[in-house]
Every structure is written in C-alpha cells, then in structure tokens.
Amino acid sequence: MTEATTSGKDGPGSSGVTLYRNGSVYTAADPFATAMLVDGGTVAWVGSEQAATSIADSSMDIVDLRGALVAPGFVDSHVHLTETGIALESLQLGAVRSAGQLLDAVADAAAAGGDGPLLGHGWDESLWTDSTLPEPGELERAAGGRQVYLSRTDAHSALISPSLAAAARVEGLDGFAAGGHVKLAAHAAARLAARNLPADTLRAYQRRALEEAAANGYAAVAEMGAPHIGSVLDLQLAAGWNSDSGAALPEVLPYWGQLVASQPEAEALLTELGVPVRGLAGDLNIDGSIGSRTASLREPYADAPGERGTTYLSTDEAAAHLAACSLLGIQGGFHVIGDAGLDAALDALDQAAAEVGEQRIRAAGHRFEHVEMADAEAIARLARYSVTVSAQPGFDAAWGGAGRLYEQRLGSRSQDMNPFASFYSAGVPICFGSDSPVTPLRPWAAVKACLEHNNHAQRISARAAFLGHTRAGWRAARHPNPMAGQLVPGAPATFAVWEVDELMVQVADGRVQSWSTDPRARTPLLPALDTGTDPRCLQTVRNGRELFSAGAFGS
C-alpha cells in the first residue's frame, strides 16, 4: 500500500453510495453481517454477502474489505489536543531511564536547532533505577541556554529551567521548588508561559493531534480545556474544527473546566467563551495526580509519609458549580483521582441536590474524569446521581501491577485502583479515553487493558470495553443523535475499517473460555487482542466523509 492519507473525500468513491462487502461488520442489527451499504452520511443497510450480491449495481462504489472489520468509530472521552500535538512533535522522554539520559536527550534536541522554549513530555522517574532528578542549571546548560519545559508523564508537574522559572514568575507560587520540579500553581504558570504560542502554531499542533486520532480509528475526541492548561483562544481553535468545511477530521466535543458560583455566572462564562461547549466540566481539578503526589488521599502516600496530596476546591465551591450547571441543564464535573478528592466531589453532589433537587442533578448528566480510587459506598453514590465516569484504561496498563507506580505511591491500596467492573455492576455510566498525551491514542490497547486489568476482579469483557470506547462516548457527551456509535440502518455512517488477524468473542473471566468463534453466541465479533499486534486502521469515516485512508484502501 502507498502512504496513508487524510483526503477528506466522501467515502472511497464519488457516487455517494458505497457498498462495503466481503468482510465483517460489528452491528447489533445482524451478528453475522459481512456487508454494509452507506448512502451519503447514513448507514442504509447491513447484511450478508449473499444479499450484498443481489443489491450491488454499477451506480455504487464497491469496496472489497478482503476480510477486514468495519466497526463504529472510537470516541476518546478525554484528550488535550494542543498538548498532544506538542508531545508528538517535541522531545519524547518516555524511554528515558535516568537523569543523565534525560540531559543527553535535551542536549541532542538543542543541537538539532530551533528557538523558543525546548518542550518535552513523558519522563517518569518511578521507572528509573535512581529517581534523582537533574538540577535546573543542568537542564539549561544541556539546552544551550534555551528555556526548558519537560512535563512528567501524568502532565501534572514538570521540570523547568531557571530562565523559564523567571519568565513565568513561579517563585513563591504553590508548588514551586528550587530544584526545578514544579507542581500545582507553579506548574500551571510555567506551562502557560511555555505554551504562549501564536494561533497558527496552536492550530498546527491541534491538527497534528486530530490527524493522529483519525489514523487510529477515532471519529471524535472530547477536548478537555481549562484555564490552567490553555487559553480561551486554544479552546476556540479546538471547537472551530467542527465548522471548518475544509478539514476532514474527527469531531471535537469541547469542554471547559472553569469554576462558576451561580447560574448567572455560568451563563456569562458561556457567552464569553464564544463557542459552544458540551459543559463546564472536564479538567476542573478537585485534585491532581498519583504520580506527582497531588491526588488528594484519605491516608498518606506510602512513599511520602505525611503527604496526602492537594484538594483544589472546597465542597462548597464544587457544590455551587454543580448547582449552577444543573439549573442551566448543562454538564458540570471535575477531574478527580484520589479517594479524599472523590469524597469532596460526592459531598458536593449531596449539597447541590439539597439546593436544586436530585432530579435536576441526575438530568444534567454530570461527569467526573478519572475517578481512580472509589470504594463501594462511593460507587453507589455515583450511581444514585447518574454521574458518568470518564476513565482511562491505559493508566492501569502503565502503572498497575507489582512494583509499579501505583504500588510505589499507594502500597496495598493500589489493588483497588480503576474499578471498572464495579462501576458496571453498580450501574455507573462509564466511558473511556486516553488523557492524551498521558497515554497514547491507541484504542485497541485500551480495550485490551480492560481485559487484562491487573486486578482480575475488575476485568470486563472486550464488548463492554469496546462499547465504553464507542457508543458510550457519544452518550457521555450528550450527543443529540441517539443512534451515534452504532452501525444500524439510519445511524450516522461513522466508522473505522480494521485489518485484523482474527475475530472472536472475548470475555474477561479467566474461569471460562477466553474466546469463541461459535456463531450460536450471536455476539458480534471483535479482533483477537492476544496476537501481539493491534488491529491496523485502514480507513476512518465520519458522517460518510473519509478522515483517513491507509494508502490505496478502497481503490
């Protein structure tokens, strides 16, 4: 095949009616479907190869799938577009295993040329043999005097050079450290200073991120903007892709995480933003991250006695925010990771419900991001208020398990992280994302992470994980089309085509057979995820418009 493209053409051909055949279609309409007819932006029919032969005619564009899988396009329910574009285009530090290697990488990047701050992402000292971080002066010398901003893998703290610290005026702010590892308000100030970029540069980074998403089968992404992450301009540019008729890119579902205290204040903020947003939710931080020890915990960190993280919002502030959003009928919500942070969020729900009524709270469809530490009582309270949890399976894959970050930071509490099965069993709505650039835009890896959760009791089936990463993503964003995220007649023609090694029915329970190709199961088949390679995206389509094609696919 030739090089992959993002052509933006309407399907693989020009007639407007396209018949995909000789493959497998993931659809609730027919678990044995091998063909699908697309008419403009709509799925017109799904069915068998025999039926496809009878309806095919010369007016249609015919795509021979050659055994490929057609499935609903993925929705990433938590991303940061500009940050992702920067991470893809700048210094990538995920493979660094020592302070010396980090400094060498900075020196190599500086030697390659460029101006402005030297940006990098992905270092994780929990993976280093010696977790000692480099000194700020060493960073600046390695960078040849350029300002340096290197975000930790969780994006909640960073290493910065003295010149950037001075430019951002971080000394004296909460989270400032003379050693150059900044957190909290100091980190937010440093990040904003390093990302003080012109609109065309921000837009280029966002396009890079959206193209990466399309190439990995995503039809939509939820952009989690917030004042401590980027400017209102950044949000406006992200939302603007939806109205750019020349851009064939995934749909952007924009959120803005800024605190409000009343309904009038919320209305004024929505007007000020100048673009429609899905809600005042997302990365409105109640707390921080486990890796940077800023997640708010009931008990101290195992590797830092006396430290319990940070709670950024009071219960009263969070309750006022939820009440204001509920009165407007829009989504509110927070970034919340630690168990004490979740306590504050749940108490805020109780307080807001007492003010505006439980029914209004439930009807608003609020969402909490991450929710990594939730016991049975907390899960029951989430279910009571119909709060959607937007979770990241890649977190458990990256940091769960013996000796890894969760266990380092939390000790025995690490066993109860990311309780996906418990959410499902309690009826808590759940959707999945990457928090890119924290974990990569790789949807099948996220599905696999759900199947292989480090806590066997929290594993879920591939089907549940797939639905959580597709249809549930549209529902979590309160998308107006109830048929979004499925391939049935009348639904949007929004899908991806995958080259797969094998299809099977997969379950999470190791006590029974892990997969089956028995058609009597009447369950649509999904790719085998134990082959050592993820499915390869051949094409991504949104509302009948091609976003990505792997070279000559469909020709």
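Biologist: Where is Arg367 found?
Modeller: In this predicted model, Arg367 belongs to strand S17, which covers residues 367–370.

Biologist: Is Arg367 buried or exposed?
Modeller: Arg367 is buried, because its relative accessibility of 1% falls under the 20% limit.

Biologist: What does the side chain of Arg367 reach?
Modeller: That side chain reaches the backbone oxygen of Ser77, at 2.9 Å.

Biologist: Turning to salt bridges, what is the count?
Modeller: The count comes to 23 salt bridges. One of them pairs Arg21 with Glu49, with 2.7 Å between the closest N and O atoms.

Biologist: Which parts does that pair tie together?
Modeller: Arg21 is in strand S1 (residues 17–21) and Glu49 in helix H1 (residues 49–55), so the pair links parts 28 residues apart in sequence. Arg21 is buried at 18% relative accessibility, whereas Glu49 is partly exposed at 26%.

Biologist: And which residue forms a salt bridge with Arg208?
Modeller: Glu212 does, the closest N and O atoms being 3.3 Å apart. Both residues lie in helix H7, four residues apart, about one turn of the helix. Arg208 is partly exposed at 26% relative accessible area, while Glu212 is buried at 15%.

Biologist: Which residues do salt bridges with shared partners join into one network?
Modeller: That network consists of Asp124, Glu125, Arg152, Asp154, Arg293, Asp303 and Arg409.

Biologist: Now the surface: which residues form a negative patch?
Modeller: Glu452, Asp501, Glu502 and Asp530 form a negative surface patch. Asp501 sits in the loop between strands S20 (495–499) and S21 (503–506), and is exposed, with a relative accessible area of 58%.

Technical notes
Residues numbered from 1 in each chain as written. Predicted model: local features only at pLDDT ≥ 70, side-chain atom pairs only at ≥ 80, totals over all residues. Heavy atoms only, no water. Patch = residues over 30% accessible without salt bridge, like charges linked within 9 Å, V, L, I, M, F, W, Y side chains within 5 Å. Areas by Shrake-Rupley, 256 points an atom, 1.4 Å probe, with all protein chains shown as cover. Salt bridge = Lys/Arg side-chain N within 4 Å of Asp/Glu carboxyl O. Lys, Arg positive; Asp, Glu negative; His and termini not counted. Charge placed at Lys NZ, Arg CZ, Asp CG, Glu CD. Helix = DSSP H or I, 4+ residues; strand = E, 2+ residues; numbered from the N terminus. Buried < 20%, exposed > 50% of the residue type's maximum accessible area, 1.4 Å probe, protein only. Polar contact = N/O pair within 3.5 Å; in protein donor to acceptor, adjacent residues only side chain to side chain.
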